[in-house]
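Trainee: Could we go through this one together, beginning with how its elements are defined?

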Amino acid sequence: MKRTAVMAACLLSFGIIMGACSDDKANNAKDDHSASYTTNSGDIRETTKSIDHLPKFLNNFEEDMAVLYQQAAKHKDLLKHIPCYCGCGESAGHQNNYDCFVYETKKDGSVVWDDHATKCGVCLEIAKESIASYEQGKSVKEIRQMIDEKYKEGYAEPTPTKSL
């Protein structure tokens, strides 16, 4: 009986301490002028001032991940027309490959980043191939056909990306 009371007191104390730590993290996010939250699908979304300010969740990765995120954000007009084949259309509600990197660009220029691509090689590879092909002079339509052909078998259903 005493053991149960002691365990309950320890758990209650732990909960209070963790609550205080959570409040500190929330205050720090406000001080940094960025906000982050986790979606129902487990993806982290973080808001920064602009496309030139990358999210903090990229600090845990090699520099090439940050470079690809910035390139994806700068190639919105391309990646909005390229489907993703990882299954994120169903699991996260994504409409295209761009959504794997950026959830939203707000009217004030701030960007809500999505960490989905940091956990998915398919998302990363599709963006990387698409951007490289675009920079080599291929049209968006050619790139879309190339991606659809390459990922049509052995991958999840594509996102419901509108045809060109």
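Mentor: Helices (H or I, at least four residues) and strands (E, at least two) are taken as DSSP runs and numbered from the N terminus. This is a predicted model, in which local features need pLDDT of at least 70 and side-chain atom pairs count only at pLDDT 80 or more, while totals for chains, interfaces and linings use all residues. Residues are numbered from 1 along each chain as its sequence is written, and side-chain values use heavy atoms, with hydrogens and water left out.

Trainee: OK, how many helices and strands does the protein have?

Mentor: The protein has six helices and four strands, and their order along the sequence is α-β-β-α-α-α-β-β-α-α.

Trainee: And Thr-161, is that buried or exposed?

Mentor: Thr-161 has a relative accessible area of 9%, and buried means under 20%, exposed over 50% and partly exposed in between, with a 1.4 Å probe and protein chains only, so Thr-161 is buried. Thr-161 lies in the segment after α6 (140-151).

Trainee: Which residues is Thr-161 in contact with?

Mentor: With contact meaning heavy atoms within 4.5 Å, and leaving aside neighbours within four places in sequence, Thr-161 touches Lys-80, His-81, Ile-82, Pro-83, Gln-95, Asn-96 and Arg-144. For Gln-95, the side chain of Thr-161 reaches its backbone oxygen at 2.6 Å.

Trainee: Switching to cysteines, how many disulfides turn up in the whole structure?

Mentor: The search finds zero disulfides, a disulfide being a pair of cysteine sulfur atoms within 2.5 Å.

Trainee: Last topic: which residues line the largest pocket?

Mentor: The lining consists of Asp-64, Met-65, Val-67, Leu-68, Gln-71, Lys-128, Ile-131 and Ala-132. The elements giving two or more residues to that lining are α2 (63-74) and α5 (121-135), and α2 gives the most, with five residues. On a 1 Å grid over the protein atoms alone, a pocket is an open set of points where a 1.4 Å probe fits, with protein on both sides within 12 Å along at least five of seven lines, and lining residues have an atom within 4 Å of a point.

Key:
Polar contact = N/O pair within 3.5 Å; in protein donor to acceptor, adjacent residues only side chain to side chain.
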